[in-house]
Amino acid sequence: VAFVGTHDQPRFLTLTRDPRAARLGLLFALTRPEVPALLYGDEVGLTGGVADRAFEDAWPDRRCMPWDERGRDGTTRDLVRDAIRARRESAALARGDLRFLDVETPWPGAPAGDVLAFRRTHGDDTVDVLLNGSASEAVLVLPGDTGPRVEPLAVLGEAVADAAVGVVRLGPYAGVVLRRLPSTEAATLWTRMRSAGPG
């Protein structure tokens, strides 16, 4: 099971005091191979508000769900919704393998941030996840050994992937989940081969 918090510890947002870091943790948990688990309220930014507590002092973080929409974090809710939808629609995210990726900057001196990158693959479905855990921008070479086109499945913060030039830009605490797509020619050929069947 992948999670950022349980009912036995303070919430991740309570500990980090930074919604951007908490969202990044949620995106990481929701895109890993393990079955993701969410503690109620994490998807709307619920927090106990006091971070300086013992590890198992979770009582302030067990307060009731805020039913008033004004007490909820819509940005976090939208991210969680997008990540769950991506997991449901992608075989790679639902049951694919995981391989960590090395990332490089496209030119000397380009900001590298603090990026975690991994690839999930199942059959012909390939998804790359890139997460910038730093307060500075990261400009990276798009890992490109599976196809020249990408489709964003979930985006956190300022994240832009430009497959035409092979670069991904991630703002502070930003992340992106990218489905790798074959070229138009390869996709057409694959469709013809599938419809022709064996033999």
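Buried residues have under 20% relative accessible area, exposed residues over 50%, and partly exposed residues lie in between (1.4 Å probe, protein chains only). The model is predicted; local features need pLDDT of at least 70, side-chain atom pairs count only at pLDDT 80 or more, and totals for chains, interfaces and linings use all residues. Residues are numbered from 1 along each chain as its sequence is written, and side-chain values use heavy atoms, with hydrogens and water left out.

Salt bridges were examined across the whole structure, and 15 were found. A salt bridge is a side-chain nitrogen of Lys or Arg within 4 Å of a carboxyl oxygen of Asp or Glu. Asp68 pairs in this way with Arg70, with 2.6 Å between the closest N and O atoms. Asp68 is partly exposed, at 38% relative accessible area. Arg70 is exposed, at 75%. A network of salt bridges links Glu69, Arg72, Arg77 and Asp78.

Helix α3 spans residues 74-89. Helices (H or I, at least four residues) and strands (E, at least two) are DSSP runs, numbered from the N terminus. The 16 residues of α3 reach 22 Å from first C-alpha to last, close to the 22 Å expected at 1.5 Å a residue. That expected span is 1.5 Å times one less than the number of residues. Thr76, Leu79, Val80, Ala83, Ala86 and Arg87 are the buried residues of α3. Seen down the helix axis, they fall within an arc of 125°, so they line one face of α3. The arc is taken from the directions from the helix axis to the C-beta atoms. The face turned away from the buried side carries the exposed residues Arg88 and Glu89.

Asp82 is partly exposed, at 27% relative accessibility. Arg85 is also partly exposed, at 33%.

A further salt bridge joins Arg169 and Glu137 (3.6 Å, N to O). This pair links distant parts of the chain, 32 residues apart: Arg169 lies in strand β7, and Glu137 in the loop between β3 (125-132) and β4 (138-141).

Leu170 also belongs to β7 (residues 167-170). Leu170 is buried, with a relative accessible area of 0%. Neighbours within four places in sequence aside, its contacts (heavy atoms within 4.5 Å) include Val115, Leu130, Glu137 and Val176.
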